[in-house]
Amino acid sequence: MADHIPDHIPPSEKKLHSDNAVTGDEEVNDNPIEEVRLTVPITDDPSQAALTFRTWVLGLSSCITLAFVNQFFGYRENQIAVTSVSAQIITLPLGKLMAATLPTRRFSVPLTKWSFTLNPGPFNLKEHVLITIFASCGSGGVYAVGIITIVRAFYHRQLNPVAAFLLAQTTQMLGYGWAGLFRKYLVDSPYMWWPANLVQVSLFRALHEKEKRGKGGLTRLQFFLMVFVCSFSYYLIPGYLFQSITSLSFVCWIWKDSVTAQQLGSGLHGLGIGSFGFDWSTVVGFLGSPLAYPAYSIVNTLIGFCLFTYVVVPIAYWSNAFESQRFPLFSSKTFDYTGHGYNITRILKEQAFDLDIPSYDGYSKIYLSVFFAFAYGLSFATLASAISHVALFNGKSIYQMWRGTTQAMQEQIGDVHTRIMKKNYASVPNWWFHIILAVMLALSLLTCEGFGKQLQLPWWGVLLACAMAFGFTLPIAVITATTNTQPGLNVITELVIGYLYPGKPLANVAFKTYGYISMVQAINFVADFKLGHYMKIPPRSMFVAQLVGTVVASSVYFSTAWWLLTSVENICDTSLLPDGSPWTCPGDEVFYNASIIWGVVGPLRMFTKYGNYGSMNWFFLIGFLAPFPVWLLSQKFPENKWIRLIHFPILLGATTAMPPARAVSYISWGAVGILFNVYIYRKYKQWWGRHTYILSAAMDAGLAFMGVVIFFTLQSKDIIGPEWWGLDVDDHCPLAKCPTAPGIQVKGCPVF
């Protein structure tokens, strides 16, 4: 192997070096990014089959299973998102089993020259990568399902199932069209290195290394199965027999008659002091597995959570900012001036389904809990701080990498991985992407303009959303590809359509979904393509897997949601659900209230002088300026490496999942994260490296399978469980939801 080429050599000279360094079939690893050189192999075997029968069977099975499980749990009190890592680990032994048992004879396709075999040989890495791509399509979620849910379960209106299905498909597929236009810059360029993909590359290599079980030890598969069985068995307790164990709030039980004590101590409806959950779904339900987060990210998140939850919110609440004592301390609901839930039917026209301004003026402005109000302020600050943080800490390197990219593309210079891919495989023609873009754009216009205009978004709104997504895809993808930070467009899209087209709740969420999610999908598509680039997957096989996986996943998410919305009585309506029912839809309730805030009432009547929360706009400035002191300190004291670990986008965005996430979720998540990624990582690093990700995947998988078993065998037959104190999915802190302003009367609460 030839020596590495120094990083400082410009691309034009580097090409000469690399050409001179190739002897026969031997390549030199001339990628300019050191992390890539250390992680990604520069070998390839083009004879390995990729899109095989095994790939289709295991890939589609993983995609369907994860899509069903994630949507099924998405409506429950404690959500859980089973990631593609679970499928990545489980399908490895299944693939090897199929390779050992399936027949090897070839089958001919009648009337064609095509033939195929069920077993092309040993189960290989390329098959495994494509199966994981299928699985990631199933685990990614379909944002548009939230629109379908709020229409059916919260607004109680009909929605044409064809329009709903097309909405789910087009919002997921639209971004693929223009992602293809940016492939040359975001995939072929060696400077666009996509750091998150290196974790995947490392895991694939670890799983495919030959492994011998040490004396008295376990193989990775044995460890996975052991943890899976334990997780599966244990979840019968928090998932059915003792659901209150999801949040144990000891402070409430000590001071049963104190509103303040329960506000402080409730893990579900308050600040969560002293609360904890003995349920893996409490840990991972809203924040994902803490085992997959680096220590600095966990610490930044916990600091941000503590500052916001235990400093900012208490000061604001007990000083009665925004008249917050009229409402609960922590809630994602909207309220009127009397402290009761906002009666949205009083301000919506029944037929037109938009804002009735005289009725709104005669009723009440919208009020939020102090926690929810500041959550919006922090979302403004997070977006602004992400821009300034990336510019300060990564701007120079991003500019240098982009300059290298444009020069390399102009001179058609690629690194070793690009040369291997161009040499061994046919690329995906651009017209494939153009067809997807044209078809999806036409279907998007049909979805919004047709079917009685049920989604309210006019044709110009669809085109504007697409233009915003298209315009932001390249710059945000460059930031993601070089820093692993991805600023979101959700707040900006809500603001834009909220001002341009106020009073239309479904138009607002549809615009946000087309503008925000199509960009996210485009970036995910390109990121997966880069993973295939590193793993030497034929591009056309990669394209087919992504395309089919997305269509199948979107169909399963839609079908599962539609089935639950039409079969579970009173789903999402906590006032009508029986005690112990898990179908409370906490995430969709937040989505629903966002449609009221940004869509029905609009930002003009919420975040300006005409509303109650105009001061929240200051958070844009606060967020933008926050990274500057840290950057200045890091420049003045470069020897103190810890200064650069202060990450304001993470600090300010720490609680963006609250609500629907609760304080107990953060406390449990942080405790587990510190235990594993700080203590165990430092003291037992070898064990951590070998078992941590597998432990996380096994815990997720065991919980998910038991949750589905409980539903189909018991809960679907209305066998809810033994009636006792611990059955409720609650922490038994009823007073935590009470207002404390004098004279406010709410059922079940004392009047001050």
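**Chat notes on a predicted model**

User: Where does cysteine 585 lie?
Analyst: Cysteine 585 is in the loop between helix 23 (539-567) and helix 24 (586-601). Helices (H or I, at least four residues) and strands (E, at least two) are DSSP runs, numbered from the N terminus. The model is predicted, so to speak of local features takes pLDDT of at least 70 and side-chain atom pairs count only at pLDDT 80 or more, while totals for chains, interfaces and linings use all residues. Residues are numbered from 1 along each chain as its sequence is written, and side-chain values use heavy atoms, with hydrogens and water left out.

User: Is cysteine 585 buried or exposed?
Analyst: Cysteine 585 is buried, because its relative accessibility is 0%. Buried means under 20% relative accessible area, exposed means over 50%, and partly exposed is in between (1.4 Å probe, protein chains only).

User: What is phi of cysteine 585?
Analyst: Phi of cysteine 585 is near 55°, a positive value in a residue other than glycine. Lysine 453 also has a positive phi, near 50°, and is found in the loop between helix 19 (430-449) and helix 20 (459-483). Most residues other than glycine have a negative phi, and most peptide bonds are trans.

User: OK, and which peptide bond is cis?
Analyst: The bond from proline 659 to proline 660 is cis, with omega near 15°. Proline 660 lies in the loop between helix 27 (648-652) and helix 28 (663-683).

User: Where does methionine 658 lie?
Analyst: Methionine 658 is in the loop between helix 27 and helix 28. It counts as buried because its relative accessibility is 1%.

User: What is methionine 658 in contact with?
Analyst: Leaving aside neighbours within four places in sequence, methionine 658 is in contact with Phe305, Phe330, Phe371, Ala375, Ala663 and Tyr666. Contact means heavy atoms within 4.5 Å. The C-alpha atoms of methionine 658 and leucine 118, 540 residues apart along the chain, are separated by 48 Å.

User: Moving on to helix 28. Is isoleucine 667 partly exposed or buried?
Analyst: Isoleucine 667, in helix 28, counts as partly exposed because its relative accessibility is 22%. With neighbours within four places in sequence left aside, its contacts are Gly272, Ser275, Phe276, Phe305 and Tyr310. Isoleucine 667 and phenylalanine 276 are 391 residues apart in sequence and 6.8 Å apart in space, C-alpha to C-alpha.

User: What does threonine 473 touch?
Analyst: Not counting residues up to four places away in sequence, threonine 473 touches Trp178, Phe182, Met519, Ala522 and Ile523. Threonine 473 lies in helix 20 and is buried, with a relative accessible area of 1%.

User: Which residues is glutamate 494 in contact with?
Analyst: Apart from neighbours within four places in sequence, glutamate 494 is in contact with Asn508, Lys512, Ala594 and Trp598. Glutamate 494 sits in helix 21 (residues 490-500) and is buried, with a relative accessible area of 5%.

User: Where is histidine 417 found?
Analyst: Histidine 417 is in helix 18 (residues 416-424) and is buried at a relative accessible area of 0%. Beyond neighbours within four places in sequence, its contacts include Asn29, Val36, Pro41, His533 and Lys536.

User: What should the 14 residues of helix 9 span?
Analyst: At 1.5 Å a residue, helix 9 (residues 195-208) should span 20 Å, and its end C-alpha atoms are 21 Å apart, which agrees. The expected span of a helix is 1.5 Å times one less than its number of residues. Among the buried residues of helix 9 are Pro195, Leu198, Val201, Phe204 and Leu207.

User: Zooming out, how many helices and strands are there in the protein?
Analyst: The protein has 29 helices and 6 strands. Buried residues make up 58% of its 752 residues. Of the contacts with a separation of 6 or more, 80% are between residues 24 or more positions apart.

User: What radius of gyration does the protein have?
Analyst: The protein has 27 Å, which agrees with the value near 27 Å for a compact globule of 752 residues. The radius is taken over C-alpha atoms, and the globule rule is 2.2 Å times the number of residues to the power 0.38. Along its principal axes the C-alpha trace spans about 85 × 65 × 55 Å.

User: How far apart are the mean positions of the positive and negative charges?
Analyst: The mean positions of the 50 positive and 42 negative charges are 4 Å apart. Lys and Arg count as positive and Asp and Glu as negative, while His and the chain ends are not counted. The place of a charge is NZ of Lys, CZ of Arg, CG of Asp or CD of Glu.
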